[in-house]
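Please keep the sequence and the structure in view while reading.

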Amino acid sequence: MLSNDGERNIADSPQSILSIILKKESDWEEEHSIWNVEEPEEELKARTRSYREEVEKQQEEIETKERSLFFYGKPILTYALLASIFIMFFLLEQAGGSMNMATLIDFGAKYNPGIIDGEWWRLFSAAFLHIGFLHLFMNSLALFYLGGAVERIFGTRRFFFIYTAAAAVGSLASFSFNEQVSAGASGAIFGCFGALLYFGWVHKKLFFRTMGFNVLIILVINLGFGFAVPAIDNGAHIGGLIGGFLAAGAVHLPNSGRRKTQIPLLVGTAVLTIGLYWFGMTNENKAGSAMMNQQIARDLAEKENMKKRETFF
């Protein structure tokens, strides 16, 4: 009946086998009877209370962990950027006006001939200049909310990389497809949209449970508005959006370990930057505006005349 009994020496011993079987049945009946004993009401309440406290504790831990994802850093750089933007606007107004094309070019707006001549810094300086108070107000408001959210999620150092990369890629996209003089932080701000989309890619459920739909709706409205209004440089917006997403993926989220996608996204950011610069240098069919060119010529002539007057007097 038994070929191996674990050296208990009961193999082929009917009496021993019978005693083992009877013992197992007795143990089973005893164990079974425990579950049928009616539990006292007080013990049942205590057990229920204990389960509820355990569930509440686990839920609190989950909420704390989720909350920490949104408050990793403080918006220090965001406030510094806002201060810089307002200072530059004040200087522009003092030097000839933020609506004056010649003044904008002198202060570092995106100006294709200058970039072709080696003035690469215009790709970054343009993000600190704004054309008129309404432009300044709208971008500052967007930077306050979007930049603050991204810096809190990613931390200051990661946010610096994301913002800088988005500003550069946005300016390069404008340089590649648009010959008009342009300025504004909108490319970098759309990079903040891209960073939030990357957060949503990593934490899909949390993203749509909190801010996801609002972010997508505002993004679609802004892109649609950019396509509808000719004066808006939508190339810079789309370039900044893509650059921000790639840069956010390259640095990844804090306290989340490394991901296999980081290096490919970093390489993608570099390839996109180099590719846009090359295309901008070779593309001779950029979108332009005859009216804008006339205004630039008029502003430059007016500025030249003012210099001559100052020299004469």
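Predicted model: local features only at pLDDT ≥ 70, side-chain atom pairs only at ≥ 80, totals over all residues.

## Helix α9 against helix α12

Helix α9, which covers residues 186-202, packs on helix α12, residues 234-251, at an angle of about 45 degrees, and the two axes lie 6 Å apart. Because of that angle, α9 is oblique to α12, and the crossing in which α9 passes α12 is right-handed.

On the α9 side, the residues that meet α12 are S186, G187, F190, G191, F193, G194, A195, L197, Y198 and W201. Their counterparts in α12 are A236, H237, G240, L241, G244, F245, A248 and G249. Sorted by class, this contact of α9 with α12 holds 10 nonpolar and eight polar residues, with no charged residues.

## Helix α12 against helix α13

Helix α12 also packs with helix α13, residues 262-282, and here the angle is about 145 degrees and the axes are 7 Å apart. In this pair α12 passes α13 in a left-handed crossing.

The α12 residues that make the contact are I242, L246, A247, G249, A250 and V251, while α13 contributes Q262, L265, L266, G268, T269 and L272. By class, the contact of α12 with α13 comprises eight nonpolar and four polar residues, and no charged ones. G249 of α12 takes part in the contact with α9 and is also listed in the contact with α13.

S182 sits in the loop that runs between α8, residues 156-177, and α9. The relative accessibility of S182 is 16%, so this serine counts as buried, the cut-off for that class being under 20%.

The side chain of S182 is joined to the side chain of S174 by a polar contact of 3.4 Å. When residues up to four places away in sequence are left out, S182 touches A109, K110, A126, S174 and D233.

## G114 in helix α5

G114 belongs to helix α5, which spans residues 112-116. Is this glycine buried or exposed? With a relative accessibility of 5%, G114 counts as buried, again because the class takes in values under 20%.

Setting aside residues up to four places away in sequence, G114 touches E119 and R122.

Conventions: Residues numbered from 1 in each chain as written. Heavy atoms only, no water. Axes fitted to C-alpha atoms, helices over the stretch in contact; angles between N-to-C directions. Helix = DSSP H or I, 4+ residues; strand = E, 2+ residues; numbered from the N terminus. Parallel < 35°, antiparallel > 145°, perpendicular 65-115°, else oblique. Left-handed = near helix turned anticlockwise from the far one by under 90°. Contact = heavy atoms within 4.5 Å. Nonpolar A, V, L, I, M, F, W, Y, C, P; charged D, E, K, R; others polar. Buried < 20%, exposed > 50% of the residue type's maximum accessible area, 1.4 Å probe, protein only. Polar contact = N/O pair within 3.5 Å; in protein donor to acceptor, adjacent residues only side chain to side chain.
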